[in-house]
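The following note sets out points for a colleague who wishes to inspect this model at the level of individual residues. Please read the points alongside the sequence and the coordinates.

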Amino acid sequence: MELPIDHFRLLGISPSAGAEEVLRTFQLRLDRAPKQGFTPELLAQRSELLRLSADLLSDESQRKPYEVALLDGASGLELSSNRDVAGLLLLWEANASYQAFKLARKALQPPQAPALGSGREADLTLIAALSCRDAAIEEQSSRRYAS
């Protein structure tokens, strides 16, 4: 699954952030895991994705080619099927509620729908619900602003 997010946005840092700020933000994000009822497996995958992003962005030899790829038009992160739900959680945390909702809804539909009663289904359903709520709040506030 390709997510419309990059490592900078995933961690919640500016592209100009140095290695120290990357590691400090990484630690803060680890300490502030969502407490809405997600499974421990999903929270572990979330931590792993945050760690991968922090490792990439704090190592200059890996960061430079990544930044070049972003400048050349790379649009998002490609996640394996065992990390895609954690990626959706991080997308929701990055205030991309509508995008997280659309992708979670798609993942809940056949043929890629998870087994009923599985932890994956529960996590996807919770992400869909929370991101739908937040997207509706954002839409309502933008309509209020427009009027």
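1. Contact of helix 2 with helix 3. In this predicted model, Ala19, Val22, Leu23, Phe26, Arg29 and Leu30 of helix 2 meet Arg46, Ser47, Leu50, Arg51, Ala54, Leu57 and Ser58 of helix 3. Contact here means heavy atoms within 4.5 Å. Helices (H or I, at least four residues) are DSSP runs, numbered from the N terminus. The residues of this contact divide into 8 nonpolar, 2 polar and 3 charged. In this scheme Ala, Val, Leu, Ile, Met, Phe, Trp, Tyr, Cys and Pro are nonpolar, Asp, Glu, Lys and Arg are charged, and the others, Gly among them, are polar.

2. Basis of the values. The model is predicted: local features need pLDDT of at least 70 and side-chain atom pairs count only at pLDDT 80 or more, while totals for chains, interfaces and linings use all residues. Residues are numbered from 1 along each chain as its sequence is written, and side-chain values use heavy atoms, with hydrogens and water left out.

3. The axes of helix 2 (residues 19-31) and helix 3 (residues 40-58) come within 9 Å and cross at roughly 175°. Axes are lines fitted to C-alpha atoms, for helices over the stretch in contact, and angles run from 0 to 180 degrees between N-to-C directions. Helix 2 and helix 3 are therefore roughly antiparallel to each other, a term applied to angles over 145 degrees.

4. A search of the whole structure finds 7 salt bridges, each defined as a side-chain nitrogen of Lys or Arg within 4 Å of a carboxyl oxygen of Asp or Glu. One of them joins Glu93 to Arg46, with the closest N and O atoms 2.7 Å apart. Because Glu93 lies in helix 5 and Arg46 in helix 3, the pair ties together parts that are 47 residues apart in sequence. Arg46 counts as buried at 0% relative accessibility, whereas Glu93 is partly exposed at 22%. Buried means under 20% relative accessible area, exposed over 50%, and partly exposed in between (1.4 Å probe, protein chains only).

5. Salt bridges within a helix. In helix 4, Arg63 and Glu67 are 4 residues apart, about one helical turn, and their side chains meet in a salt bridge (2.8 Å, N to O). Arg63 is buried at 5% relative accessibility. A further pair, Arg143 and Glu139, lies in helix 7, also 4 residues apart and about one turn of the helix; the closest N and O atoms of this salt bridge are 3.1 Å apart. Arg143 is exposed, with a relative accessible area of 57%, and Glu139 is partly exposed, with 39%. Elsewhere, salt bridges that share partners join Arg29, Arg46 and Glu93 into one network.

6. How many of the 10 residues of helix 5 are buried? The number is 9, so helix 5 is largely enclosed by the rest of the structure. The buried residues are Asp84, Val85, Ala86, Gly87, Leu88, Leu89, Leu90, Leu91 and Trp92. Just after helix 5, Asn95 takes a positive phi of about 65°. Asn95 lies in the loop between helix 5 (84-93) and helix 6 and is exposed, with 61% relative accessibility.

7. A cis peptide bond. The bond from Pro110 to Pro111 is cis, with omega near 5°. Pro111 is placed in the loop between helix 6 (97-107) and helix 7 (119-146). As background to this point and to the preceding one, most residues other than glycine have a negative phi, and most peptide bonds are trans.

8. The structure holds 1 aromatic pair. Phe8 and Tyr66 form this pair, which is tilted, at 6.2 Å centre to centre and 40° between the planes. Rings of Phe, Tyr and Trp (its six-membered ring) pair if their centres lie within 6.5 Å; planes under 30 degrees apart count as stacked, over 60 as edge-to-face and the rest as tilted. Phe8 lies in helix 1 and Tyr66 in helix 4 (residues 60-71), so the pair ties together parts that are 58 residues apart in sequence. Both Phe8 and Tyr66 are buried. His7, also in helix 1 (residues 7-11), is buried at 14% relative accessibility. Leaving aside residues up to four places away in sequence, His7 touches Ser53, Leu56, Leu57, Tyr66 and Leu77.

Note on methods: Helices (H or I, at least four residues) and strands (E, at least two) are DSSP runs, numbered from the N terminus. Angles under 35 degrees count as roughly parallel, over 145 as roughly antiparallel, 65 to 115 as roughly perpendicular and the rest as oblique.
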